[in-house]
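Subject: Structure handover

Hello,

I am passing on the structure we spoke about.

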Amino acid sequence: MESVTTPTTNSDATAERSSELRKTSLNALHRKLGARMVNFGGWDMPVEYPATGGLIAEHKAVRNSVGVFDVSHMGDIRIRTGKTPGGALAAVQHLSMNDASKLAVGQAQYSALLYPAGTFVDDVIVHRLGEDDFLFVINAGTREKDISWVRENTKGFDCLVEDLSDAYTQLAIQGPRAVDVLRKLTDANLDAIKNYWFTHGTVCGLPERLIARTGYTGEDGFEIYMPSDVVTSEKVWNLVMDAGKEFQIAPCGLGARNTLRLEAKMALYGHEISEKINVWEAGLERYCKMEKRDFIGRAALAKAAAARTERTLVGLEMLERGIARDEYKVFDAAGEEVGVVTSGSPSPTLGKNIALAYVPPALAALNTVLFVEVRTQRVKAQVVATPFYKRAKKSAPQAAGSN
Amino acid sequence: MAYPTNYRYTKEHEWVDAKDGMAKIGITDYAQSELGDVVFVELPAAGKKLETGKSFGTVESVKAVSEIYAPASGEVLEANGELQNKPETINSDPHGAAWLVKIKLANPAELDKLMDSAAYEAYIAAKGKEASA
């Protein structure tokens, strides 16, 4: 048996031996829990916890109840104003494609840093901490690149750029019962936090912690930002696990994180978005505000909007036996190679094999039959509506307007 | 999980249970634990000729695709059809109910080159050390 694990990130900076990999403050705890560890973009991270059920059980825990993820490998960049009021906002507007001026203090939005070509440096969550104070949460594998990109492109602005990536242990508590778990650990009024908003409050006895109603699972949930020393990090993790016991909380790894985000059609850097794919192709126009006068990538996107798009991102469902995997080729009914799978996996929620793929717009209509090359066979698939999974709207507060 | 002492094992984590010129082939408990939840199995039809060291099928978990290599040459007599509907049997009973194929061995003496259970257990113990180093 020879295993080929589906790549989950672009692997610039991949060290070979685990001793050279970067570790979060919870690394020893993950190993104690018996997690299967993998190299994720240079980080030694848990992919699943077999002792407590493994990937599928973790995925279902998040969909049906609650799970907790260590996402401390994510990076954090704070951009504050220097002396000129509005300096940080101007810098953020120049750097990112969404409109940060629309954010209230305490609100966050999905956005991206673009190259002048309108392709992706990275996708980011922009949090407005204060009138002129922003926090970008960025991907682990692109940390160094992002930070130098931000520093380089804010030189003409009166703002301070701080790399806070190592300052936080970030936990994502996700699932319909996440609110019930966190409620036991904080004095903050969680019901007042709408989707993609945040607050500061005492969590696990630690004052002034950032609590954001964000996540990467397509489910309700929170991300909390705690001090990153090992003692505090382990204490917080254990308190979350204790608080979640009555809801059968599951520790969750990157495996479930990937299947959850794929079902919700959330982009993963190096897969659906990259330095070679532009905003229109990725279908992220909702988060790209061309009405802003200027931001990096805008000119090229204006030009690309007028030209014909060559490829577009579609959802596929396999109709025959076979699992589409990242980078498998896509063919049309006539046998022509027409595209490529960016992410493919069994969907634990749907019990089907699903994928995201880039294909020409002419083949993007719903129910179009396509074929994915799985080893030596071309397996029938069809274009389906996305997201593959959407959580039922309940009394839980939903995003008002854009996120 | 115990590794049956009458089986032979490969470095690629397949097992062989041979008797009277026939053999059952499967993947080891170590292999299934490395893979995680198995969700898909692709096996050859009866009559297919296997060649030592060559891939003859795949086992997939949610995250990973694994090729299965023939531990010995021979002709497939039967593939385990139960696994198509219940691939998770590979996780629950890898050394028993989750055999993959039965073959007629072309040359039973080939099996002498494979590891016995003690050697295989030492082999995976060393791998475990390497991984946590």
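Predicted model: local features only at pLDDT ≥ 70, side-chain atom pairs only at ≥ 80, totals over all residues.

Residues are numbered from 1 along each chain as its sequence is written, while chains are lettered from A and ligands numbered from 1 in the order in which they are written.

Chains

Chain A has nine helices and 20 strands; helices (H or I, at least four residues) and strands (E, at least two) are DSSP runs, numbered from the N terminus. The C-alpha trace of chain A spans about 60 × 50 × 45 Å along its principal axes.

Chain B has four helices and nine strands, in the order β-β-β-α-β-β-β-β-β-α-α-β-α from the N terminus on. For its 133 residues a compact globule would have a radius of gyration near 14 Å, and chain B agrees with 14 Å. The spans of its C-alpha trace along the principal axes are about 45 × 35 × 25 Å.

Open sheet in chain A

Five strands of chain A form an open antiparallel sheet in the order β6-β7-β8-β5-β9; two strands pair if DSSP finds at least two bridges between them. The edge strands, each pairing on one side only, are β6 (108-114) and β9 (159-163) of chain A. Direction ignored, neighbouring strands of this sheet are turned by 30° against each other on average. Axes here are lines fitted to C-alpha atoms, for helices over the stretch in contact, and angles run from 0 to 180 degrees between N-to-C directions.

β6(A) and β7(A) (residues 120-130) run antiparallel and are joined by seven bridges. A:L113 has A:D122 in β7(A) as its bridge partner.

Two helices lie across β5, β6, β7, β8 and β9 of chain A: α3(A) (residues 87-95) runs at about 135° to β5(A), and α4(A) (residues 143-153) at about 10° to β5(A). Contact means that the C-beta atoms of two residues, placed from the backbone, lie within 7 Å.

Barrel in chain A

Six strands of chain A close into an antiparallel barrel in the order β15-β18-β17-β16-β19-β20. Its neighbouring strands are turned by 45° against each other on average, direction ignored. Six bridges join the antiparallel strands β19(A) (residues 369-374) and β20(A) (residues 377-384), and A:F371 stands opposite A:K380 in β20(A). α7(A) packs on this sheet, touching β17 (337-347) and β18 (352-359) of chain A, with its direction at about 120° to that of β17(A).

Helix pair α2/α7 in chain A

The axes of α2(A) (residues 55-64) and α7(A) (residues 254-263) come within 8 Å and cross at roughly 55°. That makes α2(A) oblique to α7(A); angles under 35 degrees count as roughly parallel, over 145 as roughly antiparallel, 65 to 115 as roughly perpendicular and the rest as oblique. In α2(A), A:L55, A:E58, A:H59 and A:V62 meet A:G255, A:A256, A:T259 and A:L260 of α7(A).

Regards

Note on methods: Rg over C-alpha atoms; globule rule 2.2 N^0.38 Å.
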